[in-house]
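Thanks, everyone; today I would like to talk through the aromatic side chains of one model. Please have a look at the sequence and the structure first.

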Amino acid sequence: MNRIKAKLAFVLICFSTFSLCGCLMPRAHSMGASLMTVPHQPRVSADSSNAEMSVAVGAFGSVAGEGQNIDEVKSGGGNVSFMYRMSGVASPVFLSASVGGLGGKLQFDCNESECSNNAKKYKEWLKTDEGKKDYSFWDVQERLLLGGDFNLGKFAILGLGGGLQFFQGGGSYDDKRDELEDRKLVENVEGNADFAPISSVWLGSRLGHGGKWGSVLAEFDILYKGDMEDWTSAMMLNYFHTTGFYGGIVWSSQLGYGLNLGKAFVF
């Protein structure tokens, strides 16, 4: 019994020492792990069950955003997406493929709980000239999404999808992120090129009889990379006109608030 107590005491001492020494480093994401700003565009008409193909081209931008241990994020970019919808009883099913890119600049920060509690050396680095600098980033992103779009009556729209997002990036931010990890000041959640599963859900409404005035859709996306507290997310509220033009407001956990605009061409 005394031996068991001694072992338990040793484990508790080691755990306390580990907790107090600040060994849990703050984490840093690649900016490519931010969700792609590709809003889901519903069918124009709730009555349509024909096979359908569409191509959408969009652009987006944000200013003064805040992410995981980063701040003053200014970003912009664009994307192209292709969607195929099935016909008949399978008409709610769709497959989409998107490719895009973003770039911008940011500053390192300390704003997650692990950083606030365990990052003495990192906080000291933030106070240096090097820690106060702006760093640039660029990323190429690709996404595959399979899902379903369901009409609840003539007006309500409900849908969900799942897939993968890939990214490849670079810039002075990623270079510094790697350097800080080598110096044991931060822990990178992912590399400069990586991929992760994503999920997407949306809820909206057609406006007017048969959606003659377009539709409005609220969307929520999650990228599952790292531990649960590392997952990145995004929310969008978009208006889609019957001519294919769309626009709206975007919030991203890595990029902050922004706007997006685009045009879809249906075949």
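This is a predicted model: local features need pLDDT of at least 70, side-chain atom pairs count only at pLDDT 80 or more; totals for chains, interfaces and linings use all residues.

Let me start with a cluster made up of Phe-108, Tyr-122, Trp-125, Tyr-135 and Tyr-173, which are linked by ring pairs; rings of Phe, Tyr and Trp (its six-membered ring) pair if their centres lie within 6.5 Å, and planes under 30 degrees apart count as stacked, over 60 as edge-to-face and the rest as tilted. Residues are numbered from 1 along each chain as its sequence is written, and side-chain values use heavy atoms, with hydrogens and water left out.

The structure has eight aromatic pairs. In one of them, the ring centres of Tyr-122 and Trp-125 are 6.1 Å apart and the planes are at 20°, so this pair is stacked. Tyr-122 is buried, at a relative accessible area of 2%, and Trp-125 is buried as well, at 4%, where buried means under 20% relative accessible area (1.4 Å probe, protein chains only).

Phe-240 and Tyr-246 make a tilted pair, with 5.7 Å from centre to centre and 40° between the planes, and both of these residues are buried.

Finally, Lys-263 has its charged end over the ring of Phe-265, 4.2 Å from the centre, and also lies over the face of Phe-245, at 5.2 Å from the ring centre; the criterion is that NZ of Lys or CZ of Arg is within 6 Å of the ring centre and within 35 degrees of the ring normal.

Key: Buried means under 20% relative accessible area, exposed over 50%, partly exposed in between (1.4 Å probe, protein chains only).
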